[in-house]
Amino acid sequence: MAKAKMNQPLAPCRSKSGAAAAEEENRTKRSRSTQEYSGDPNKKPRDAARTISQEEAKLLELKLLANRKVELFSDLPLSHETLKALHEMGSVAMTQIQSRAIPPLLGGKDVMAVAMRSTGKTLAFLIPSVEMLCNQHFSPRNGTGVIIICPTSELAIKVHTDAKALLKYQTQTSGLIMDGNGWRGEAENLVKGVNLLVATPSRLLFHLKNTKGFLYNNLKCVTIHDADQGGVILKKEIKHIFKLLPKKRQNALFCGTPSKETDELSEYLFMKKKEIEHHVLITLADEKPKVNLDMVRQCYCIVPSNRRLISLCAFLKRNMSKKIMVMFSSSNSVQFHSEILRYLQIDCLYIHSKMTQQK
């Protein structure tokens with residue numbers, strides 16, 4: 001017992017001296033760290049470490065942008081209003097088609113560009129159009145300075161939406177004319193003055209022939225968007241349209257995939273001009289997305305005509321939980337089959353060419 005009592009105080013003495021030494025060493029480290037970080041005792045060293053990591057992240061981001069050769073819209077000679085609108089639209093860096101198409105269009109050259117969808121073609125021709133109207137101080141009394149032709153009403157709505165957003169801080173006006181809308185309201189807007197006009201071919205041809213007061217003598221630029229979607233009908237309508245428009249103008253043609261119709265249309269647009277060096281051809285075939293067709297399941301079944309309706313209803317009944325699109329050869333057939341399916345308690349929606357755009 002006496003040996004145990006003698007040995008007990010020795011261990012605590014060694015632990016106290018070790019703890020005191022460790023605590024004093026931590027104090028010296030903390031004092032050095034507080035001296036290093038701006039003399040602020042409340043500021044912890046990990047704050048500085050986080051700041052350094054943010055700076056490193058910015059440097060890495062800049063290196064990535066430099067390696068990818070991403071150009072910014074602010075590098076172009078654009079107006080402050082256009083840059084502000086682009087910033088609000090969330091567009092800062094240019095895509096490949098934009099960086100290659102916008103400079104020659106700003107320089108007044110004719111451009112034919114081939115690029116896949118969702119690569120930024122809309123802004124590639126809208127930005128030079130807006131800048132041209134701004135630089136030449138277009139107002140409603142000057143009439144239409146830019147016409148953008150879209151093969152479908154849906155595409156025209158999308159382009160007009162982007163045009164309105166881009167013209168948010170400009171004084172120039174924009175308008176939309178397309179199939180399915182009332183032509184009287186469109187005619188009133190055209191007479192008042194529309195500087196940037198988005199149109200479908202058939203409705204534009206109608207107003208060119210029938211709307212008195214539609215001022216297009218000051219036309220400066222015509223752009224055909226997604227010309228490969230229109231086919232032969234678009235080519236015929238555009239030839240009629242161009243016979244009515246002023247000959248001295250800038251032309252631009254954008255398409256997703258080249259075809260026989262687009263080649264003929266480009267020859268009709270560009271080859272009549274004597275200045276061959278005035279034309280710019282841009283092809284971005286490397287931007288084509290890779291599609292694995294092996295992953296798409298395709299099958300068919302040949303059914304006699306007297307069994308088609310029964311087979312269709314049976315197939316739809318078995319797949320009520322899936323999204324299905326059924327195509328028919330005519331508008332009357334769509335209307336007829338939709339009524340039968342609803343009578344058989346198969347919920348369905350229908351759409352055909354005889355419906356108004358609002359519906």
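The exercises below, each with a worked solution, go through parts of this predicted model.

Residues are numbered from 1 along each chain as its sequence is written. In this predicted model local features need pLDDT of at least 70 and side-chain atom pairs count only at pLDDT 80 or more, while totals for chains, interfaces and linings use all residues, and side-chain values rest on heavy atoms, with hydrogens and water left out.

**Exercise 1. The strand β5**

Task: Find which strands pair with β5, and decide whether its residues are buried or exposed.

Solution: Begin with the terms: helices (H or I, at least four residues) and strands (E, at least two) are DSSP runs, numbered from the N terminus, and two strands pair if DSSP finds at least two bridges between them. Strand β2 (residues 146–149) is joined to β5 by four bridges, and these two strands run parallel.

For the cover, buried means under 20% relative accessible area, exposed over 50%, and partly exposed in between, computed with a 1.4 Å probe and protein chains only. By this rule five of the five residues of β5 are buried. In a regular strand the side chains alternate between the two faces of the sheet. On one side of β5 lie Cys221, Thr223 and His225, on the other Val222 and Ile224, and all of them are buried.

**Exercise 2. The strand β6**

Task: Work out which residues point each way from β6, and which residues stand opposite Leu253 and Phe254.

Solution: Take the two directions in turn: Gln250, Ala252 and Phe254 point one way from β6, whereas Asn251, Leu253 and Cys255 point the other way, and all are buried.

Next come the neighbours. Leu253 in β6 has Ile224 opposite it, and Phe254 is the bridge partner of His225. A further pairing involves strand β1 (residues 110–114), which runs parallel to β6 over four bridges, with Val114 and Cys255 as bridge partners.

**Exercise 3. Aromatic pairs**

Task: State how many aromatic pairs the structure holds, and describe the pair of Phe125 and Phe254 as well as that of Trp183 and Phe206.

Solution: Rings of Phe, Tyr and Trp (its six-membered ring) pair if their centres lie within 6.5 Å; planes under 30 degrees apart count as stacked, over 60 as edge-to-face and the rest as tilted. The structure holds three such pairs. One of them joins Phe125 and Phe254, with 5.3 Å centre to centre and 55° between the planes, and is tilted. This pair links distant parts of the chain, for Phe125 belongs to helix α6 (residues 121–135) and Phe254 to strand β6 (residues 250–255), 129 residues apart. Both Phe125 and Phe254 are buried.

The pair of Trp183 and Phe206 is edge-to-face, with centres 5.5 Å apart and 70° between the planes. Trp183 lies in helix α8 (residues 183–192) and Phe206 in helix α9 (residues 201–210), so this pair ties together parts that are 23 residues apart in sequence. Trp183 counts as partly exposed because its relative accessibility is 38%, and Phe206 is likewise partly exposed, at 29%.

**Exercise 4. Charges over rings**

Task: Find which ring lies under the charged end of Lys84, and which under that of Arg249.

Solution: A charge sits over a ring if NZ of Lys or CZ of Arg is within 6 Å of the ring centre and within 35 degrees of the ring normal. The charged end of Lys84 sits over the ring of Tyr169, 4.4 Å from its centre. For Arg249 the ring is that of Phe242, and the distance to its centre is 4.5 Å.

**Exercise 5. Positive phi**

Task: Explain where His137 lies and why it counts as exposed, then do likewise for Gln345.

Solution: His137 lies in the loop between α6 and β2, and its phi is near 55°, a positive value in a residue other than glycine. His137 counts as exposed because its relative accessibility is 64%. Gln345 is placed in the segment after α13 (331–343), with a positive phi of about 65° although it is not a glycine. At 65% relative accessibility, Gln345 therefore counts as exposed.
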